[in-house]
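I went through one protein model and kept notes as I looked things up.

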Amino acid sequence: MKLIYDVSDKPPFGKNLVFALQQMIAIMAATLLVPIIVTGYGLESDPAAALFGAGIGTLVYLLFTKRKSPVFLGSSFTFLGAYLATVQQNYGYWGVMIGVLFAGLVYVLIAVIMKFTGSKWVNKLMPAVIIGPIVTLIGLSLSGTATSWMSGNGGDGYSLITILVGFFTFLIIVLASVKGTKSMKLIPFIIGVAAGYLLALVLTLIGKGTGAESLVILDFTPFKTAFSPFTWRSIVDYPKFYFLRAIETKGQFAPIDGTAIANIALIYVPIAVVELAQHISDHMNLSSIIGKNLLQDPGLDKTLMGDGVGSIVGAFFGGAANTTYGESIGCVAITGDASTSTISVAGVCCMILSFFTPFVAFVNSIPKCVMGGACVALYGFIAVSGLQMLHNVDLGDNKNLYVVSAILVTGIGGLTLNFGHNEITGGSVLTITSLATALIAGLITNLLIRGKHPADDEINDDNLAADVDNFASVKISEEDYQARKKKEKKS
C-alpha cells in the first residue's frame with residue numbers, strides 16, 4: 001500500500017502529535033480493559049499504571065528493534081486465564097509479575113536461539129498459505145469483542161441504541177477515511193470516536209432529563225471519582241504501579257517458594273509459547289503493509305527480544321503482559337502513517353498522560369459501544385489483510401485448500417485443547433486456545449500434504465517473505481505508473 005510516512009520518516013511535530021493520539025485511541029480501550037477485568041478477579045489493578053506500562057514497554061520494544069517496526073505494545077488478553085489462576089492460588093501481585101517474567105523469558109530464549117539459527121525456518125514452516133488465514137482468524141476472533149461492546153455497551157444486556165451509536169461511530173470513521181479532506185483522512189479514528197462520544201453524550205443528557213434509562217449510555221462515574229472531592233490529585237496523581245502494590249501487600253498472600261514458582265511457570269510458559277504464533281503473524285501482517293520484511297530486518301530475533309523484555313518491563317509497572325496490538329497495525333494500514341517516530345511519541349504520551357487524572361477519567365468514560373464501532377474498522381482491516389496475503393496462493397489446488405480449511409474451521413469454530421484438571425481452579429491445567437489449535441491444525445495438514453521435501457511446491461512461492469521483498473522492490477510512484485501507461489498506449 002502507499003504510505004504517507006515511511007518507517008524512518010519524521011512527520012512535523014504537530015502532525016506527529018495528532019497521529020500519536022490516534023494510535024493511543026486505537027489501543028487505549030483494550031489496554032485499559034485488561035486491568036479492569038483483573039480487578040474483577042479480586043486483585044486491584046490500576047488502568048493508569050497499565051497505560052504507563054504499555055508506553056514504557058513500547059519504547060523498550062522500539063529500542064530492541066532499532067526503531068524499524070512501527071507497532072504499539074498493549075495489555076495482552078491472552079494471559080487473562082493465567083491472571084485468574086494466579087489470584088485463585090493466592091500468589092498475589094508478586095505471582096503475576098513472576099509469571100509475566102517467565103512468559104517474557106520464553107520470548108528471550110527463542111530470540112537467542114534464532115540469533116544463531118536464523119529465522120528462515122519460520123518462513124518454511126509458516127508460508128503465506130498458513131499465515132494468511134491465521135491473520136484473518138485473528139481479526140475474526142476479535143470481532144466478537146467489537147459486536148458485544150456495540151450491543152451491550154460492555155455489559156451483558158442488549159440495546160439497539162448502543163448498536164446505533166457504535167455503527168454511527170464506524171460510519172463516521174469510514175466517511176472521514178474515504179470522503180474526508182486530506183487532513184481528515186489522516187485522523188479518521190479521532191474524528192469517529194469524538195463524534196460517537198458526542199452522540200452518546202447528547203443521548204445520555206436527553207435520557208437523564210426525560211427519565212429514559214435506555215438512552216443513558218455515558219457513565220460519568222470516572223469524573224465523579226476524579227473530582228469529588230476536588231484535590232490536587234484531581235489534576236495530577238501517580239499511577240498505582242504494580243511493584244509498589246506488591247511491596248505494600250507483602251505477607252498478605254501465599255509465600256512465593258520453589259513450589260509456587262514452579263506452579264506459576266506451569267501457568268504462564270505454555271501461554272507464551274502459544275502467543276508466539278500471534279507475534280509472528282502480526283509482524284508478517286505489518287511487513288505486508290509497510291512493504292518491508294521485518295522478519296529479516298530488524299529480524300525476528302530482535303522483535304521477539306523487544307516484545308519479551310518490553311512485556312516484562314511493562315508488567316513491572318502496569319501488571320499486564322504486553323503484546324503487539326492488531327489495533328495499532330490496523331491504524332497504520334488505514335492512515336498510511338508507518339513512522340516509528342509516531343509510535344515513540346505515543347509511548348511517551350501514554351506514560352505522561354497516565355499521571356494526568358482528567359485524561360484518565362475521560363478515557364475511562366468512553367462508552368464501550370463507541371469503541372466497538374471503531375474496532376469494527378480496526379479488526380476488519382486485520383482480517384482483510386490476512387486475505388490479501390493469499391493473493392498469490394492458488395486455492396483451487398487442494399494442497400492449499402485443505403490447509404486453509406483446517407485453519408479457518410477449527411479457529412472460527414472455537415476448538416480448544418484442554419489437558420489435565422486443576423483442583424484449585426476447577427479448570428484444566430493447560431488450555432491451548434482456538435487460535436493456537438488452528439495454527440497446529442494448519443501446520444500438521446501442510447506438513448502431511450507437502451512432506452519434508454516440498455521442492456515441487458516452491459515454484460509457486462507461497463512464502464510471504466518473498467512476496468514482501470518482491471512488493472518492496474517493484475513499488476513505483478503514481479507518476480511513474482501513469483507515465484508507463486501512456487507509453488504503452490503509444491506503442
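Is R67 buried or partly exposed? I looked it up: R67 is partly exposed, because its relative accessible area is 38%; buried is under 20%, exposed is over 50%, and partly exposed lies in between, with a 1.4 Å probe and protein chains only.

Entry on ground rules. The model is predicted, so I read local features only at pLDDT of at least 70 and side-chain atom pairs only at pLDDT 80 or more, while totals for chains, interfaces and linings use all residues. Residues are numbered from 1 along each chain as its sequence is written, and side-chain values use heavy atoms, with hydrogens and water left out.

Entry on the whole protein. I find 21 helices and four strands; helices (H or I, at least four residues) and strands (E, at least two) are DSSP runs numbered from the N terminus. Of the 491 residues, 53% are buried. The protein exposes about 21900 Å², and carbon and sulfur atoms supply 66% of that area; the areas come from the Shrake-Rupley method with a 1.4 Å probe, and for residues only the protein chains shown count as cover. Among contacts with a separation of 6 or more, 80% are between residues 24 or more positions apart, a contact being heavy atoms within 4.5 Å.

Entry on the loop between α2 and β1. I noted that R67 lies in this loop and has a positive phi of about 55° although it is not a glycine. K66 is in the loop between α2 (47-64) and β1 (73-75) as well, and its phi is near 55°, also positive in a residue other than glycine. K66 counts as exposed because its relative accessibility is 54%. For background, most residues other than glycine have a negative phi, and most peptide bonds are trans.

Entry on cis peptide bonds. I found one between S228 and P229, with omega about 0°. P229 sits in the loop between α10 (221-227) and α11. The peptide bond from D297 to P298 is cis too, with omega near 15°, and P298 belongs to helix α13 (residues 295-318).

Entry on salt bridges. How many salt bridges does the structure hold? I find six, where a salt bridge is a side-chain nitrogen of Lys or Arg within 4 Å of a carboxyl oxygen of Asp or Glu.
- D297 and K68 meet through their side chains at 2.8 Å, N to O. D297 is in helix α13 and K68 in the loop between α2 and β1, so this pair ties together parts that are 229 residues apart in sequence. D297 counts as partly exposed because its relative accessibility is 40%, and K68 is partly exposed at 31%.
- E44 pairs with R245, with 3.3 Å between the closest N and O atoms. E44 lies in the loop between α1 (13-41) and α2 and R245 in helix α11, so the pair links parts that are 201 residues apart in sequence. E44 is partly exposed at 49% relative accessibility, whereas R245 is buried, with a relative accessible area of 15%.
- The side chains of D301 and K302 meet at 3.9 Å, N to O, and D301 is buried with a relative accessible area of 14%.

Entry on helix α15. I took its extent as residues 340-353: 14 residues, reaching 20 Å from first C-alpha to last, close to the 20 Å expected at 1.5 Å a residue; the expected span is 1.5 Å times one less than the number of residues. Which residues of α15 are buried? Helix α15 is mostly covered, with 11 of its 14 residues buried, including T340, I343, C349, C350, M351 and L353. At the start of α15, a side-chain oxygen of S339 comes to within 3.1 Å of the backbone nitrogen of S341.

Entry on T437. I placed T437 in helix α19 (residues 434-450). T437 counts as buried because its relative accessibility is 5%. Its side chain reaches the backbone oxygen of L415 at 3.3 Å.

Note on methods
Polar contact = N/O pair within 3.5 Å; in protein donor to acceptor, adjacent residues only side chain to side chain.
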